[in-house]
Amino acid sequence: MNGDQGILDAAGPAAERIADLWWAHFWPGLAVFVVVVVLLLVGLYRRHRWPADRAHEARASLWIGVGGIVVPAVILLVVLVFTVRSMAQHSASSRDAEERGLSIRVVGYQWWWDITYQDPQPSRRVRTANEINIPVGRPIMLLLESGDVNHSFWVPRLQGKLDLIPGQTNTLWLEAREPGVYRGQCAEYCGEQHAHMGLVVVAQPPEEFDRWYEGQLGTAAEPTDSAALLGQAVFMRSGCAVCHAVRGTDAMASVAPDLTHLASRQTLGAGTIPNTRGYLGGWIANP
Ligand code: CUA
């Protein structure tokens with residue numbers, strides 16, 4: 001849901017750099033293709049008119065030397081310079097994000113994303129799932145880990161992909177220039193539901209993000225009407241609490257998504273279906 005995943009439709013500085021690099025490869029590639037096709041057509045057309053003499057052989061050697069060695073070497077050198085420059089800028093931005101960024105731990109599981117906002121004070125750590133809210137215009141540091149197999153974090157409009165590997169923490173920074181919802185996807189085959197391991201990054205103006213954060217710090221809203229009270233009783237009785245947590249209740253498990261503020265999220269099942277009352281009912285009845 002919510003928007004595309006086009007790498008050329010960059011919405012943040014990291015993705016812009018990747019898109020620039022893509023174009024820096026595309027245009028020389030296109031130029032080479034056109035030149036080769038034109039030469040091929042000329043060669044086919046003129047084949048019979050060229051006598052096979054010494055002068056022609058010398059000319060052929062020159063073509064091979066220039067077209068086959070010098071030109072490719074120059075093009076590859078230019079592309080290499082672009083690539084190395086992008087890599088250098090990328091690591092500089094990564095260091096910058098580490099120093100002044102908000103840092104968020106993302107743990108991949110089959111098949112969902114466990115999200116914890118880091119804060120020196122444990123009571124200020126927000127835990128959620130499959131959805132990462134970030135303030136715009138500020139680099140965010142992601143600490144990527146895996147709880148089971150290899151996964152890969154990829155939000156194409158904001159940043160390139162990076163693997164989540166068991167027993168290791170990989171760091172990736174990202175930043176969004178404009179408020180918006182950016183869809184992401186697990187990009188490493190991780191089992192039968194791999195294709196359904198999506199996520200969304202919600203970029204908000206800083207004040208809105210701060211409000212969201214404060215809201216997430218709170219415990220779940222107390223049920224008030226009889227239907228909600230019955231729902232809570234069913235939840236606590238039926239084994240849901242063996243895997244899920246709802247802060248403010250006795251449900252404190254952490255092997256499945258934290259459901260404390262589930263209603264504030266846009267999707268269910270790691271981006272698989274929209275979070276509406278109907279879909280939620282269907283998901284509970286038959287996930
Ligand atoms: Cu997780 Cu593919």
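A nonpolar core is here a set of buried Ala, Val, Leu, Ile, Met, Phe, Trp, Tyr and Cys residues joined through side-chain atoms within 4.5 Å. The model is predicted. By that definition, its largest nonpolar core has 32 residues.

**Nonpolar cores**
- Ile104, Val106, Trp113, Tyr117, Ile132, Ile134 and Phe153 have the most contacts inside the largest core.
- At least two residues of this core come from each of strand 1 (102-109), strand 2 (112-117), strand 4 (131-135), strand 5 (140-146), strand 8 (170-174), strand 9 (180-186), strand 10 (198-204) and helix 3 (206-217).
- Helix 3 gives the largest share, four residues.
- Another core, of eight residues, lies apart from it and includes Ala220, Phe235, Ala251 and Leu268.

**Packing of helix 1 and helix 2**
- Helix 1 (residues 13-46) and helix 2 (residues 54-100) have axes that come within 9 Å and cross at roughly 170 degrees.
- Helix 1 is therefore roughly antiparallel to helix 2, because angles over 145 degrees count as such.
- On the helix 1 side, the contact involves Arg17, Leu21, Ala24, His25, Pro28, Val32 and Leu39.
- On the helix 2 side, the residues include Trp63, Ile75, Val79, Phe82 and Thr83, along with Ser86, Gln89, His90 and Ser93.
- The residues of this contact comprise nine nonpolar, six polar and one charged.

**Cysteines**
- Zero disulfides are found in a search of the whole structure.
- For Cys243, the closest cysteine sulfur is that of Cys240, at 8.8 Å, which is too far for a bond; a disulfide needs the sulfur atoms within 2.5 Å.
- Cys243 is partly exposed, at 32% relative accessible area, whereas Cys186 is buried, at 2%.

How values were computed:
Residues numbered from 1 in each chain as written. Predicted model: local features only at pLDDT ≥ 70, side-chain atom pairs only at ≥ 80, totals over all residues. Heavy atoms only, no water. Buried < 20%, exposed > 50% of the residue type's maximum accessible area, 1.4 Å probe, protein only. Axes fitted to C-alpha atoms, helices over the stretch in contact; angles between N-to-C directions. Parallel < 35°, antiparallel > 145°, perpendicular 65-115°, else oblique. Contact = heavy atoms within 4.5 Å. Nonpolar A, V, L, I, M, F, W, Y, C, P; charged D, E, K, R; others polar.
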